[in-house]
Amino acid sequence: MLTVSPTWSAVRTAARPRRMGTVRSVVGLSLEVIGLPVAVGDLVEVTLDGGRIVGAEVVAVDEGVARCMPLGSLEGLRVGAPVHSTGGPLSVPVGAGLLG
């Protein structure tokens with residue numbers, strides 16, 4: 001079996017292109033994102049004015065439009081704001097204290 005060094009794994013991760021989408025609209029507490037190939041449950045990050053980043057979970061996908069629910073305040077959000085996919089779902093690390 002081929003073993004890959006941690007350094008090589010870091011290089012491969014860093015060299016991966018980041019796909020960017022944009023905010024198409026904000027409706028109530030949800031936002032619509034276009035230009036990203038995401039699935040329901042994926043985590044995306046929205047860059048707001050001033051460079052602040054807010055996570056959002058994809059809750060629906062329809063004909064190239066992803067509807068997302070933010071995980072924080074959207075103050076400063078504008079239509080056209082850049083969005084990128086983290087490449088997977090939201091995850092929470094747990095340690096021995098939580099595992100029991």
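## Strand pairing around β3

E45 stands opposite H84 in β6. The model is predicted: local features require pLDDT of at least 70 and side-chain atom pairs count only at pLDDT 80 or more, whereas totals for chains, interfaces and linings use all residues. Residues are numbered from 1 along each chain as its sequence is written, and side-chain values use heavy atoms, with hydrogens and water left out.

Strands (E, at least two residues) and helices (H or I, at least four) are DSSP runs, numbered from the N terminus. Two strands are said to pair if DSSP finds at least two bridges between them. By this criterion, β3 and β6 pair in the antiparallel sense over 4 bridges. β3 also pairs with β4, again in the antiparallel sense, over 5 bridges.

## The nonpolar core

A nonpolar core is a set of buried Ala, Val, Leu, Ile, Met, Phe, Trp, Tyr and Cys residues joined through side-chain atoms within 4.5 Å. Buried denotes under 20% relative accessible area, exposed over 50%, and partly exposed the range in between (1.4 Å probe, protein chains only). The largest such core holds 17 residues, of which V23, L31, V44, V46, C68, L77 and V83 touch the most other members. At least two residues of this core are supplied by each of β2 (30-34), β3 (42-47), β4 (53-62) and β5 (65-70). β4 provides the largest share, 3 residues.

Which residues does V44 touch, not counting those up to four places away in sequence? With contact taken as heavy atoms within 4.5 Å, V44 touches L36, V38, V54, G55, A56, V58, C68, V83, H84 and S85.

## Salt bridges

A salt bridge is a side-chain nitrogen of Lys or Arg within 4 Å of a carboxyl oxygen of Asp or Glu. The count by this rule is 3. In one of them, the side chains of R24 and E32 meet at 2.8 Å, N to O. R24 is partly exposed at 42% relative accessible area, while E32 is buried at 10%. E32 also meets R67, with an N to O distance of 2.5 Å. Because E32 lies in strand β2 and R67 in strand β5, this pair ties together parts that are 35 residues apart in sequence. R67 is partly exposed, its relative accessible area being 31%.

R78 forms a salt bridge with D49, and their closest N and O atoms are 2.7 Å apart. This pair links distant parts of the chain, with R78 in the loop between β5 and β6 and D49 in the loop between β3 and β4, 29 residues apart. R78 counts as exposed at 55% relative accessibility, whereas D49 is partly exposed at 42%. Through shared partners, salt bridges join R24, E32 and R67 into one network.

## A nonpolar surface patch

V92, V94, L98 and L99 form a nonpolar patch on the surface, with about 470 Å² of accessible area together. Patches consist of residues with over 30% relative accessible area and no salt bridge, like charges being joined within 9 Å and nonpolar side chains (Val, Leu, Ile, Met, Phe, Trp, Tyr) within 5 Å. Accessible areas come from the Shrake-Rupley method with a 1.4 Å probe, and for residues only the protein chains shown count as cover. V94 of this patch is found in the loop between β6 (82-89) and α2 (96-99).
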